[in-house]
Structure formats: C-alpha cells, structure tokens
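Subject: Handover of the model and what was found in it

Dear colleague,

I am handing over the structure below, and I would be glad if you kept it open while reading the notes that follow.

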Amino acid sequence: MNLKLSYIVIAIGALLGILGFVRSGAIAIAVGSAAVTYFRFKYSKKKRKIEFIIPMAVALTLFVVAITLPHGK
C-alpha cells in the first residue's frame, strides 16, 4: 500500500459513509489514515514522534468506534 492508494481508500470510505455503510466507511477511513500517517512518517526527514503518535491514535480510535457501533452496516 502506498500513499496514493491510502488516499483512494480514504475516499472510498467517505463514499461508503455517505451511502449509508457507516461501519465499513469508518473502517476504511481509519485504515487509510493510519497508512497515510505511517508513510508520511517513514519518508519524512525530520522524525518527530508526536507527528506519528497523535494521528495514529486518532485512526485507532476511529477504528475502535467503528467496531463498537451498535447497528452499523
């Protein structure tokens, strides 16, 4: 998975959310945003951990919320 593919996964997740598949859309957005965070950190010249930890925490939180949705599709 590369950076461009990660953005495509995020766009597909947003489209799924708009179409009513909220759980699937949120999972796709979470996975895509985690991949974007990883690749931006990996290829960055300045490795500041806070720029990796906070976006990853947000992506992980979105993933956990998507899994725990009571009636999500």
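Ile54 sits in helix H3, where helices (DSSP runs of H or I, at least four residues) and strands (DSSP runs of E, at least two) are numbered from the N terminus. Because its relative accessibility is 47%, Ile54 counts as partly exposed, a class that lies between buried (under 20% relative accessible area) and exposed (over 50%), with a 1.4 Å probe and protein chains only. Its C-alpha atom is separated by 13 Å from that of Ala35, a residue 19 positions away along the chain.

Before going on, please note that this is a predicted model, in which local features need pLDDT of at least 70 and side-chain atom pairs count only at pLDDT 80 or more, while totals for chains, interfaces and linings use all residues. Residues are numbered from 1 along each chain as its sequence is written, and side-chain values use heavy atoms, with hydrogens and water left out.

As for the chain as a whole, it has 3 helices and 0 strands, so that the order of elements from the N terminus on is α-α-α. Its C-alpha trace spans about 40 × 20 × 15 Å along the principal axes, and buried residues make up 19% of its 73 residues. Of the contacts (heavy atoms within 4.5 Å) in the chain with a separation of 6 or more, 58% are between residues 24 or more positions apart.

Helix H2 has 21 residues and reaches 30 Å from its first C-alpha to its last, close to the 30 Å expected at 1.5 Å a residue, the expected span being 1.5 Å times one less than the number of residues. The buried residues of H2 are Gly25, Ala26, Ala28, Ala30, Gly32, Ala35, Val36, Thr37 and Phe39, and they pack against helix H1 (3-18) and H3. Val31 also belongs to H2, but with a relative accessibility of 38% it counts as partly exposed; its C-alpha atom is separated by 11 Å from that of Val64, 33 residues away along the chain.

How do H1 and H2 cross? Their axes come within 7 Å and cross at roughly 160°, where axes are lines fitted to C-alpha atoms, for helices over the stretch in contact, and angles run from 0 to 180 degrees between N-to-C directions. H1 and H2 are therefore roughly antiparallel, the word used for angles over 145 degrees. Among the residues that meet are Leu3, Tyr7 and Ile10 in H1 and Val22, Ala28 and Phe39 in H2. The residues of this contact divide into 12 nonpolar, 7 polar and 1 charged, where Ala, Val, Leu, Ile, Met, Phe, Trp, Tyr, Cys and Pro count as nonpolar, Asp, Glu, Lys and Arg as charged, and the others, Gly among them, as polar.

Helix H2 (residues 22-42) and helix H3 (residues 50-67) pack at an angle of about 165°, with their axes 8 Å apart, and are therefore roughly antiparallel to each other. The residues in contact include Ile27, Ala34 and Phe41 from H2, which face a set in H3 that includes Phe52, Met56 and Leu62. Here the division is 15 nonpolar, 2 polar and 2 charged.

Terms used
Parallel < 35°, antiparallel > 145°, perpendicular 65-115°, else oblique.
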